[in-house]
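Welcome! Please take a look at the sequence and structure below, and then we can walk through a few details together.

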Number of protein chains: 2
Amino acid sequence: MPRPRSLTPDQLATAALAVIDRDGLAGLSMRAVAQEIGMSTMGLYRYVEDRGELEQLVIDRVLDTVDPMPPDRGRPWHERIEIMVERLRGVVGSHPWLVPLIIAHRHRSATILRWSEPVAAILAEAGLDGRERVIALRSLLAYVVGAIQLEQLGPLAGAGTQVIADRAELPYLSETARHAHDVTTDEEFHGGLALLLRGIGGGPAIR
Amino acid sequence: MPRPRSLTPDQLATAALAVIDRDGLAGLSMRAVAQEIGMSTMGLYRYVEDRGELEQLVIDRVLDTVDPMPPDRGRPWHERIEIMVERLRGVVGSHPWLVPLIIAHRHRSATILRWSEPVAAILAEAGLDGRERVIALRSLLAYVVGAIQLEQLGPLAGAGTQVIADRAELPYLSETARHAHDVTTDEEFHGGLALLLRGIGGGPAIR
DNA sequence: CCTTTAGGCGTACGGCATACGCTTACGATG
DNA sequence: CATCGTAAGCGTATGCCGTACGCCTAAAGG
């Protein structure tokens with residue numbers, strides 16, 4: 001009976017994401033999204049309660065593209081976890097501006113749960129008991145969250161690291177920084193993950 | 001010759017920190033800090049270029065309390081790293097509102113460098129070569145950053161986890177969540193760190 | 001005592017989220 | 001086809017925010 005909606009939540013999320021990808025997180029405002037759609041600012045409030053709900057819409061839209069299918073069970077379990085982690089990193093990494101938003105809304109998102117389910121299953125198969133599983137799962141999440149942020153904020157082989165390499169008062173750190181340029185972003189991420197997996201008990205043997 | 005300054009940067013940082021600790025990060029505004037000091041809003045701009053510089057002041061003030069002294073060399077190196085990590089977590093954890101600010105300003109902060117120096121030294125002593133050191137150091141930082149945020153956003157034994165425990169469509173995850181209540185925040189943090197250290201090669205032997 | 005310099009304040013602007021009330025398009029019903 | 005209830009969409013207004021700019025004044029050197 002009433003007038004039909006002229007916008008789907010998905011169109012709204014797409015518009016907001018376009019704004020973010022173009023102008024960064026700071027460019028995201030109700031006005032900007034309304035303009036992107038070609039609607040008045042207040043018209044948006046017919047679709048979302050407030051700005052937070054719009055953000056949630058964007059995050060869900062992006063995170064929903066993470067494939068939650070358990071990987072082929074023929075592989076060793078640490079490889080399967082790597083695959084799951086890499087899927088998450090791939091999706092988040094293609095929208096780096098979203099990272100702070102995802103962090104802030106993490107607890108409300110169903111995707112993290114859907115992602116965690118197969119990971120928990122793999123850890124159980126690997127023989128970890130309940131308590132070990134709790135700790136391993138949280139550690140993996142902590143590592144992924146932290147690594148993605150560090151990666152986004154300053155590439156390892158970038159200018160910031162170069163500055164450190166020249167600091168005479170920090171001999172060990174600068175010596176370490178000089179080795180940074182031949183570690184790619186991917187090697188760094190997977191290297192760290194491999195350390196964690198080895199600690200959990202599933203990685204290749206100790207050096 | 002000119003009129004002397006009536007405020008030290010430290011007083012400014014202290015006032016801003018008081019506002020944050022009382023009203024949260026959202027409560028931090030130039031107006032609020034000015035009122036806290038008993039000065040007009042624009043008076044603050046005699047001391048800082050802009051809001052960002054005020055934030056930097058607060059972060060430096062807090063992070064400067066992290067003890068950068070290398071721990072007693074008699075201990076095994078993985079214990080020494082644990083001590084360094086715990087110092088960082090202790091300081092940041094007592095001002096949880098600051099976490100997003102610290103993340104955003106991370107690259108400008110000298111404290112992280114001062115902290116990283118002894119950690120790099122310990123890793124070198126442990127026998128890691130340059131490349132391994134780069135990866136281990138970044139991993140530790142990633143874990144700490146991620147874990148502190150996860151810890152702050154949702155306690156493991158809290159209501160959020162309880163909800164998960166009742167989700168029938170996520171059998172492995174909910175089974176895992178049911179074990180969460182007997183893992184304290186500290187156990188979780190140190191358990192994850194122990195996994196990472198074991199992977200690096202310095203933790204207690206594999207299970 | 002006078003001059004100079006920076007300290008401190010008030011005002012004003014443009015941007016933000018959003019509360020509220022009006023107008024209007026729609027489509028089900030008579 | 002005419003009518004009307006409902007929700008869509010818009011305009012206005014409020015109260016935040018950071019901060020540019022110009023004025024007045026305190027204080028120290030000569």
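## Two helices of chain A

At what angle do helix α4 (residues 77-93) of chain A and helix α6 (residues 110-125) of chain A pack? Their angle is about 165°, and their axes lie 10 Å apart. Axes here are lines fitted to C-alpha atoms, for helices over the stretch in contact, with angles from 0 to 180 degrees between N-to-C directions. α4(A) and α6(A) are therefore roughly antiparallel (an angle over 145 degrees).

In this contact (heavy atoms within 4.5 Å), α4(A) brings residues including Trp77(A), Ile81(A) and Leu88(A), while α6(A) brings residues including Trp115(A), Val119(A) and Glu125(A). The residues of the contact of α4(A) with α6(A) comprise 10 nonpolar, no polar and 2 charged.

## About the model

This is a predicted model, where local features need pLDDT of at least 70, side-chain atom pairs count only at pLDDT 80 or more, and totals for chains, interfaces and linings use all residues. Residues are numbered from 1 along each chain as its sequence is written, chains are lettered from A and ligands numbered from 1 in the order in which they are written, and side-chain values use heavy atoms, leaving out hydrogens and water.

## A glutamate in chain B

Now to Glu55(B), which sits in helix α3 (residues 51-63) of chain B. Glu55(B) is buried (under 20% relative accessible area, with a 1.4 Å probe and protein chains only), at a value of 11%.

The side chains of Glu55(B) and His105(B) are joined by a polar contact of 2.9 Å. Leaving aside residues up to four places away in sequence, Glu55(B) touches Leu28(B), Leu101(B) and His105(B).

Technical notes:
Helix = DSSP H or I, 4+ residues; strand = E, 2+ residues; numbered from the N terminus. Buried < 20%, exposed > 50% of the residue type's maximum accessible area, 1.4 Å probe, protein only. Polar contact = N/O pair within 3.5 Å; in protein donor to acceptor, adjacent residues only side chain to side chain. Parallel < 35°, antiparallel > 145°, perpendicular 65-115°, else oblique. Nonpolar A, V, L, I, M, F, W, Y, C, P; charged D, E, K, R; others polar.
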